[in-house]
Amino acid sequence: MRVWFVFLLCLAGHAMAAPTEEEPIVEEPVAEEEIIPEEEIIDEEPVVEEDPEVGANPVQIETGEEFDEAIDVVEDVAAENPCLNHHCKKGKVCEVDESNDPMCVCQDHLTCPEAVGEFEHVCGTDNKTYSSSCHFFATKCALEGTKKGHKLHLDYIGPCKLIEECEDLELSEFPLRMRDWLKNVLVTLYERDEDNNLLTEKQKLRVKKIFENEKRLQAGEHSLDLLAHDFEKNYNMYIFPVHWQFGQLDQHPIDGYLTHTELSPLRAPLIPMEHCTTRFFEVCDADSDKYIALEEWANCFGIKEQDVDKDMVI
């Protein structure tokens, strides 16, 4: 369960820019015998070399939610290059058409950076290992409009491997660990939220009640019997964590339903370690419409129908 938490907290994209170094200005020595009158001395402004002209068609490659721009952008360049402020989804890059209007086109997978290690590999639902998520999404984009492309999704992080079958008993045990983990994640965020950017004020008030409850089961390795007993005894502690996780995933768009893509940040790191992950989310989709509604999500975690509250998600 500790590994689950690490995966969740480590999901973030950072754009990096290399600092530029200025060349030192070396003053020419003045010969001792040459005396220049003070009034004739003219302050010369240092000569600053202009940056080389930026190309007309820069390409942006999407990496998570941020963009890594390799050049410093000035206003006149931004006006000439619409792509600088035009974002494309994963697997696509920006180009300009004949009218100098930005448009998103599929990225050539050959332009993706080479993976530096196996940890960058991802497994697709086609049971094929891709060098990186960049290679995967570029491939998926190239298959847009095809039946194969529609069915292709990122399955999990890491190279493809044999995932053992999830038995019925194991499936019933999965939400016990998941609920406890969600509760502990929220408590940890509450403890570390010094700058008020991890949780909103309303969320912090809800988590504070859990944090200060003396009956709270502390984080750690617990038996399934103890987890089941704690859920029954302290049921109210688990209602908000289940709603909170749904809200964290329901982002593209925020519509009260979870798609396979929206579930990926949670399920992709879990599958290699929890072999019941895929079957669990399949069962959650009770009406098999490829979407998991809030009511279906809550039911999967044992939350009673009368306790489902959309206001907790917002």
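Visitor: Are C166 and C276 buried or exposed?
Guide: Both are buried, where buried means under 20% relative accessible area, exposed over 50% and partly exposed in between, with a 1.4 Å probe and protein chains only. This is a predicted model, where local features need pLDDT of at least 70, side-chain atom pairs count only at pLDDT 80 or more, and totals for chains, interfaces and linings use all residues. Residues are numbered from 1 along each chain as its sequence is written, and side-chain values use heavy atoms, leaving out hydrogens and water.

Visitor: How far apart are the sulfur atoms of C166 and C276?
Guide: They sit 1.9 Å apart and form a disulfide, meaning a pair of cysteine sulfur atoms within 2.5 Å. That link is right-handed, with 95 degrees about the S-S bond.

Visitor: How many disulfides does the structure hold?
Guide: 7. One of them joins C83 to C94, S to S 2.1 Å, and that link is left-handed at -80 degrees.

Visitor: OK, new topic. What's the strand order in the open sheet?
Guide: β6-β5-β7, with antiparallel pairing. Strands here are DSSP runs of E, at least two residues, and helices are H or I runs of at least four, numbered from the N terminus; two strands pair if DSSP finds at least two bridges between them.

Visitor: Which residue stands opposite V122?
Guide: Y130 in β6.

Visitor: And what's the average pLDDT of the chain?
Guide: 80, with 75% of the residues at 70 or above; pLDDT is the predictor's confidence in each residue, from 0 to 100. Over residues 1–78, though, pLDDT is below 50. Where pLDDT is low, the predicted coordinates should not be read in detail.

Technical notes. Contact = heavy atoms within 4.5 Å.
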